[in-house]
Amino acid sequence: MTPEELDAAISKAADYLKVARRVAVLTGAGVSAESGIPTFRASDGLWEGHRIEDVASPDGFYRDPKLVWQFYGGRRANVATAKPNPGHLALVALEDRWGEDFTLVTQNVDGLHQDAGSRRVLEIHGSLRRTLCLKCDEVQDRGLGPLGDAPECHCGGRLRPDIVWFGEGLPVDIWEEAQIKASECDVLLVVGTSAVVHPAASLIPIARQTRTPGAKVIEVNMTRTEASALADVGLYGPSGQVLPRLVKRLGA
Ligand code: APR
């Protein structure tokens, strides 16, 4: 995309937003890339060196919980030193403008949206900061400090990360709300996701098709993705630069 094309696309996206009553956003790992958090599917991505089924599946955890906790310990330590970037902050500015008519659905587990100040966040894939006890089911916010490679609950049960792994269902209430928000919005902003993981990516067709006319879909990504064919406009560049420009173009 040339600088002129990007500029025209930002204007078009701002025009969609200006007339939107309700706005929903779906974010993925790309929104945190400029905070120094690796994405999953880049060649140097998070799964590199690990098989997904070893570190992000219930079977993998059953086979080798220490390996899984070492992997998540590394991720937690990485996030502990990370800060929200201008892309996260631009999404806070959008929430300030739309208030309760704004929802941010994130596939990210890093909590950087909340660190930036986002309030209406639906974490559909869980959080790195929480643990889930396999014995008493208690979910606890543990922050980002070290937990070791065999953390235990106060009840003596084994803890796992409160993360949705491959082969697992999404948290029912949160996922239901995400679908409702996607089906009700006038604009869906899809930021920094390869849009290959379902059901998360199905929020895009849900937004487009549930009502007539469906929502306008704005994609923000470094490259075209699985979502691009469903997007009304694509803003191809780093979200930490593109989103602040979009907010500025929207004006006060
Ligand atoms: N700005 C915008 N987009 C970016 C940037 C950036 N600075 N850097 C990378 N991207 C884009 C990539 O082009 C890619 O399309 O971010 C996307 C990241 O894609 P994935 O690594 O596949 O991450 P995501 O879509 O969030 O993965 C979805 O898969 O592994 C599971 O549960 C995990 O939530 C995750 C889900």
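Two residues are taken to be in contact where heavy atoms lie within 4.5 Å. In this predicted model, 67% of the contacts between residues at least 6 apart in sequence join residues at least 24 apart. The chain comprises 10 helices and nine strands.

The overall dimensions were examined next. The C-alpha trace spans about 55 × 35 × 30 Å along its principal axes. Of the 252 residues, 51% count as buried. The accessible surface of the chain amounts to about 11,700 Å², and carbon and sulfur atoms contribute 51% of that area.

Six strands form an open sheet with parallel pairing, in the order E3-E2-E1-E7-E8-E9. Strand E8 (residues 216–221) runs parallel to E9 and is joined to E9 by four bridges. Within this pair, Val220 stands opposite Leu235 of E9.

Helices also pack on the sheet. Helix H1 (residues 3–18) touches strand E1 (23–27), strand E7 (187–191), E8 and E9, and its direction makes about 130 degrees with that of E9. Helix H8 (residues 172–184) packs on the sheet through E1, strand E2 (102–106) and E3, with its direction at about 130 degrees to that of E3.

Definitions and conventions. Residues are numbered from 1 along each chain as its sequence is written. This is a predicted model: local features need pLDDT of at least 70, side-chain atom pairs count only at pLDDT 80 or more; totals for chains, interfaces and linings use all residues. Side-chain values use heavy atoms; hydrogens and water are left out. Two strands pair if DSSP finds at least two bridges between them. Helices (H or I, at least four residues) and strands (E, at least two) are DSSP runs, numbered from the N terminus. Axes are lines fitted to C-alpha atoms, for helices over the stretch in contact, and angles run from 0 to 180 degrees between N-to-C directions. Buried means under 20% relative accessible area, exposed over 50%, partly exposed in between (1.4 Å probe, protein chains only). Accessible areas come from the Shrake-Rupley method with a 1.4 Å probe; for residues, only the protein chains shown count as cover.
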